Structures are given as C-alpha cells and as structure tokens.
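Dear colleague,

I am passing on the structure below, and my notes on it follow directly after. Please read them with the coordinates open.

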Amino acid sequence: MSRIIAIANQKGGVGKTTTAINLSSCLAEAGKKVLTIDLDPQGNMTSGLGVDKNELENTVYELMLDECSIKESMADTVVEGMKIIPSNVNLAGAEIELLGINEKEYILKNAVDYIRDDYDFIIIDCPPSLNMLTINAMTTADSVLVPIQCEYYALEGLSQLIHTIDLVQQRLNPDLVIDGVVFTMYDVRTNLSNQVVENVKENLDTKIYETLIPRNIRLAEAPSHGLPINMYDSKSAGTESYRMLAKEVMER
Ligand code: ADP
Ligand code: MG
C-alpha cells in the first residue's frame with residue numbers, strides 16, 4: 001500500500017522543502033520506491049534534487065492542465081530510481097487557469113490515482129500558502145506532515161492550517177489525517193528551541209515526531225549543489241536526523 005504525504009505549512013521558510021527533499025531521499029536510500037511532487041512555483045524541490053527547472057518540457061503545470069500524461073510529467077532526479085513531477089514559475093499562473101475547470105480541487109488526485117500503486121511513498125512539497133495548489137495536495141494525500149520552525153512565532157498560523165486540514169477532511173477528503181508535526185532548525189544551545197517544543201506539545205493535540213531536525217549548515221548548502229543531504233555529506237548531523245525521521249515515518 002502506498003502512502004501519500006503532503007508537507008504543508010503556509011508559513012515560508014520553515015523547512016518544508018528541505019524536509020520534502022531529504023525525507024524522500026532517505027526513504028529511497030532505505031529501499032522504498034518514492035515519487036516526489038513539487039507543487040511550489042518556486043521549484044526549490046525540483047532544483048534541490050538536481051533537476052534544471054528551466055529546461056523542462058513538462059511539469060506539474062502541464063499535468064494539471066491536462067497537456068501531458070502523468071508519466072510524461074516525470075523527470076529523473078539525482079537520486080537513483082527516484083523521479084519528480086517538477087515545477088517552475090509557470091505554475092504561478094495555474095491558480096487562475098484552474099478556476100474554470102470542473103472538480104478543480106481533485107485535478108492532481110485524479111492524475112496520481114493512476115500511478116499511486118507503483119510507489120511506497122509519494123511526497124508532495126506545498127507552496128507557502130493555503131491556495132488551490134495546497135488544497136490539491138491535501139485531496140491527493142493520505143496525511144499532512146507539518147514542519148514547525150523552532151522560533152518565537154512558531155505557533156502563529158498553525159490554528160489556521162489545522163482548520164484548513166479539518167475543512168478538507170470534512171468536505172473533500174474524508175480519509176485525510178495529520179501525519180504529525182516535525183520540529184526543524186532546532187538549536188540545542190538556545191532555550192527558545194526547547195520552549196517552542198514544549199509550547200507546541202501543550203497546545204497542539206497531534207502526533208509529534210521524536211526526531212528533532214537540528215539547525216545544520218550542511219542542510220542549507222546542499223540545495224545549491226543539487227543534492228539531498230545524504231548524498232552531499234553522508235556523515236553530517238543533518239543526514240543523521242533525516243535518516244531518523246525517515247525511519248519514524250516508515251514505522252508509522
Ligand atoms: P520552506 O520550504 O518552508 O519555505 P525551506 O526548506 O526552503 O523552507 O528552508 C528555508 C531556508 O532555511 C532555506 O534556505 C534552507 O536551506 C534553510 N534550512 C532549512 N532547514 C534547515 C536546517 N535544519 N538547518 C539550516 N538551514 C535550514
Ligand atoms: Mg519551500
């Protein structure tokens with residue numbers, strides 16, 4: 001049985017893309033068959049997995065506008081055997097173009113349904129907003145994984161995100177659940193990181209992953225080399241943490 005996980009949080013810069021790239025790569029390293037989908041017009045997951053986002057014939061945009069098949073929309077990543085349905089800036093216009101389409105909340109789901117059984121995991125990177133692209137991710141997914149950055153305003157916007165997930169669950173995808181929260185950019189040297197973790201645990205009634213993703217410079221460097229962390233520096237603290245997260249996700 002395949003599992004489809006959307007990585008979502010409407011806040012930018014909280015570690016969604018970093019988590020999507022490196023969780024996918026560590027799941028693949030553990031022998032799982034993984035497909036990645038980039039739903040952010042910024043295309044950072046696409047370039048972070050070694051794909052030139054400006055040299056693409058097909059992307060998730062062409063897929064959603066029914067201009068290519070799902071197989072045609074896939075590109076090879078730098079990770080052996082792992083493909084991506086890539087994205088680039090063209091997707092920025094999709095929101096408006098999708099308006100006139102029937103069942104626009106299910107466009108991605110209807111495409112992914114054809115191939116989902118070919119994979120153990122499908123990981124979707126969401127844009128930093130609660131727009132129609134994120135809704136498409138949530139109707140396609142079985143669960144939502146929420147990265148939370150360990151900083152002062154961590155809880156801000158979370159109730160809105162959870163409300164959106166609830167609404168999608170009630171109206172569009174009754175099977176959708178919150179997979180869990182994962183803390184990112186954790187800094188052992190500051191009290192703040194600990195306070196954020198404690199605060200979220202007190203205020204949020206969801207599963208929390210035990211793995212804490214540390215603030216790690218290698219994680220920030222890897223995308224500019226087009227490599228996931230386990231291929232960029234297999235001994236780094238970042239690699240260790242995403243391998244642990246992958247293990248936790250597989251055990252779930
Ligand atoms: P989002 O997709 O939520 O906008 P990103 O994953 O792109 O967030 O991360 C935002 C920035 O922070 C990027 O420059 C990224 O390289 C950096 N970053 C993310 N996670 C970490 C981490 N654990 N340690 C250090 N830098 C990180
Ligand atoms: Mg991102």
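D66 counts as exposed because it has 11 C-beta neighbours inside 10 Å, where a residue is called buried if 20 or more other C-beta atoms lie within 10 Å of its own, exposed if 12 or fewer, and partly exposed in between, with C-beta atoms placed from the backbone. D66 sits in the loop between α3 (60–64) and α4 (70–73), and its phi is near 65°, a positive value in a residue other than glycine. E103 also has a positive phi, near 50°, and belongs to the loop between α5 (94–97) and α6 (107–112); with 9 other C-beta atoms within 10 Å, E103 is exposed. For context, most residues other than glycine have a negative phi.

This is a predicted model, in which local features need pLDDT of at least 70 and side-chain atom pairs count only at pLDDT 80 or more, while totals for chains, interfaces and linings use all residues. Residues are numbered from 1 along each chain as its sequence is written, and chains are lettered from A and ligands numbered from 1 in the order in which they are written.

The protein chain holds 12 helices and seven strands, these being DSSP runs numbered from the N terminus (helices H or I, at least four residues; strands E, at least two). Its radius of gyration, taken over C-alpha atoms, is 17 Å, close to the 18 Å that the globule rule gives for 252 residues, so the chain is as compact as a globular protein of that length; the rule is 2.2 Å times the number of residues to the power 0.38. Along the principal axes, the C-alpha atoms fill a box of roughly 50 × 40 × 30 Å, and 46% of the 252 residues count as buried.

The seven strands form an open sheet with mixed pairing, in the order β3-β4-β2-β5-β1-β6-β7, where two strands pair if DSSP finds at least two bridges between them. At the edges are β3 (75–76) and β7 (177–184), each of which pairs on one side only. Strand β1 (residues 3–7) runs parallel to strand β6 (residues 143–149), the two being joined over three bridges, and A6 stands opposite V144 in β6.

Around ligand 1 there are 17 residues, of which the closest are G15, K16, T17, T18 and A220; a residue is near a molecule if its C-beta atom, placed from the backbone, lies within 6 Å of it. Both α1 (16–29) and α10 (217–221) supply at least two residues of this shell, and α1 gives the most, with three residues.

Helix α1 has 14 residues and reaches 20 Å from its first C-alpha to its last, close to the 20 Å expected at 1.5 Å a residue, the expected span being 1.5 Å times one less than the number of residues. Helix α1 is mostly covered, since 14 of its 14 residues are buried, and just after α1 G31 takes a positive phi of about 95°.

Finally, L167 lies in helix α8 (residues 158–171) and is partly exposed, with 13 other C-beta atoms within 10 Å. From C-alpha to C-alpha, L167 and R218 are 37 Å apart in space, and they are 51 residues apart in sequence.

With best regards
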